[in-house]
Amino acid sequence: MGTMVERLSFTKENQERIQAVESSFGPLGRPLSQPGRVLIGEGRLMKQSRKGPQPKAFFLFNDVLVYGSIIVNGRWHKKQQIMPLEDIQLEDLEDSPSMRNQWLIRTPRKSFYVSASSQEEKRAWIDHMEECRSRLLQSSGRTPGSAFAVTWIPDQASAICMRCSHKFSLTHRRHHCRRCGFVVCGACSRKRAVIQHIHPTKCLRVCTMCHSNLLRPEEENQDVCRLRGDSTGKTESDEDEVDGSSEEEEAEEQSDDHDPSKWMDSQMDSWSPYIYLKPEHARPYSCNN
């Protein structure tokens, strides 16, 4: 009887937590409540974006990883992203000058670096994500995929185009090749190609070198890409094709003294720790659903 009461209590609490997360994204967020879904943990991580590290709210469920931008002192979120855990591949990384306690999250549509405020939180995130992913793959019988989006090189990593070496400016802007992740200028990234593991139909920006490589039959078959010629003008959000965040497609910062490590230290020191919800229930119960 006691176990049944505990499970009913946990189920009610879990539903309330999921509804709270769902509500925090407002009317533009996609529904998160569904049978068998359990909220495993939540917290803030620093996500490496085009312009440098930015704080994001992350929510780990037993089947998906959800994150979004933080607004109104962390009470509300926007730009909701939902990634199935079965499609995720994690890679542990050493500390870098700009990010400590970091690791790489790869998915077919996008790949990016995140960092936690401590080594303990980093290990908790990785362990819980890997555990639930393993259970999902085991229960579904799926084989992990092998096609992942490249990780973009941050804007501030290069002051010049990585193809033609032309210096960036307010008029000569930065872009990213969706195939190699290099920072390139508009002239060196006029070509478009469909990269199916990122988007099955949308033509994405690629640099001149990747476009030339894709013309080779063996590479064309490997990447399963259809090519399109020069593209003039900007008919839709170019940088939104992969990351889905208008925050990361704003005009690039041109400051030469940008130091994300200093900013990151001041932001993360005051953060609340990663919350692992109901571990006595979540480990044996939630990941199995």
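Author: The expected span of a helix is 1.5 Å times one less than its number of residues. Helices (H or I, at least four residues) and strands (E, at least two) are DSSP runs, numbered from the N terminus. This is a predicted model, where local features need pLDDT of at least 70, side-chain atom pairs count only at pLDDT 80 or more, and totals for chains, interfaces and linings use all residues. Residues are numbered from 1 along each chain as its sequence is written, and side-chain values use heavy atoms, with hydrogens and water left out.

Reader: How do you know that the span of α2 agrees with its 22 residues?

Author: At 1.5 Å a residue, α2 should span 32 Å, and its end C-alpha atoms are 32 Å apart, so the two agree. Just after α2, Gly-141 takes a positive phi of about 75 degrees.

Reader: What makes a residue of α2 buried, and which ones are?

Author: Buried means under 20% relative accessible area (exposed is over 50%, partly exposed in between; 1.4 Å probe, protein chains only). In α2, the buried residues include Trp-125, Met-129 and Leu-136. Buried residues make up 45% of the chain's 289 residues.

Reader: Why is a set of residues called a nonpolar core?

Author: The name is used because its members are buried Ala, Val, Leu, Ile, Met, Phe, Trp, Tyr and Cys residues joined through side-chain atoms within 4.5 Å. The largest one here has 24 residues, and Leu-65, Trp-103, Ile-105 and Trp-125 have the most contacts inside it. To this core α2 gives the most, with 6 residues.

Reader: What is Leu-65 in contact with, beyond its neighbours within four places in sequence?

Author: Contact means heavy atoms within 4.5 Å. Leu-65 meets that with Phe-58, Ile-105, Trp-125 and Met-129, among others.
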